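Okay, thanks for coming, everyone. Let me put the structure up and walk you through a few spots.

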Amino acid sequence: MRKAFVVGHPIAHSRSPLIHGYWLAEYVIAGRYERIDVTPQDFPAFLQGFRDQGYVGGNVTIPHKEAALAGIDHASDRARRLGAVNTLWLEDGKLYGDNTDITGFLANLDAACPPDWAERAGTAVVLGAGGAARAVVAGLAERGLGCIHVVNRSPDKAASLTRLAPDQVRAHPLDNLATLLPEAGLIVNTTSLGMTGQPALEIDLAPCRADAIVSDIVYTPLETPLLAQARARGLRAVDGLGMLLHQAVPGFARWFGATPQVTQGLRDHVCADLVAGKGKSQ
Ligand code: ATR
């Protein structure tokens, strides 16, 4: 029986067991996926010792993503670029790590939008400059968007994201938002604003292009005030649940040997659990 884990501190909130458990049942794989709570102090020992407990790999979440990068033998280009690892596996006795948030973000847009969404968008506005924004900006830069405007309350944090792709990324204070919106073909919220229990993101989408795509990485509620406004204006709205589901695909494939599909059945399964909860990441 192959066993994988999600390790974090705390870890009770993680939806990853729900996702991987669904796929294990769907593909009739005799595997297990378990939550493990490990403190930062104990994480280095866990990283070195999980193979002795019979695990083939797992997901890493807050607060261990940076420590995971420091403690592995081989990091993917994306993990190094983001400075964080969220997926671990063993290969030839060595410990490998990747960051699948970029894959998750891009695969979600690929599934929800026309195939040429990146070329059509041309320019993006990304709200927020935290860890999630890094993955979004790196993904958009990979897809060749000519201009990626990062708009953030703290301008220095926005400026730090320009290093991901200096030719494409520009940093701005929140005050610039209204002037940037008319040129953007894609608007992505990566802040926690709009999440259940948080204030809504204050943004007026009136000046947006008629073909703009509006995406939120918050998925509780599934329809955030931002997405509701986008839909009301006839814009394409892409919710945050897809990113969570798609980022889980590469890990499952590595640990359990089958590439799973993100289906409506999986969405319904996770949505049923979200009704009572809240969250925006793994
Ligand atoms: P994550 O790793 O999930 O992206 P994070 O690193 O805490 O989370 O980042 C949260 C983002 O939301 C930040 O860009 C934060 O802005 P600051 O860099 O100025 O802190 C943004 N954010 C959170 N609450 C906000 C608020 N009330 N108004 C504007 N921006 C907010």
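So, Thr 87 has Asp 98 in S6 as its bridge partner. Strands here are DSSP E runs of at least two residues, helices are H or I runs of at least four, and both are numbered from the N terminus. Before I go on: this is a predicted model, where local features need pLDDT of at least 70, side-chain atom pairs count only at pLDDT 80 or more, and totals for chains, interfaces and linings use all residues. Residues are numbered from 1 along each chain as its sequence is written, and side-chain values use heavy atoms, with hydrogens and water left out.

Back to the strands. S5 (residues 87–91) and S6 (residues 94–98) run antiparallel, joined by 5 bridges; pairing takes at least two bridges in DSSP. They make a hairpin with 2 residues between them, and Asp 92 in that turn has a positive phi of about 50°. S5 also runs antiparallel to S3 (residues 55–60), this time with 3 bridges, and Gly 58 sits opposite Leu 88 in S5.

Now the helices. H1 (residues 16–26) packs on H12 (residues 249–256) at about 50°, axes 11 Å apart; axes are lines fitted to C-alpha atoms over the stretch in contact, and angles run from 0 to 180 degrees between N-to-C directions. Who touches whom? On the H1 side, His 20, Trp 23 and Leu 24 meet Val 249, Phe 252, Trp 255 and Phe 256 of H12, with contact being heavy atoms within 4.5 Å.

Last one: just after H7, Gly 144 has a positive phi of about 85°.
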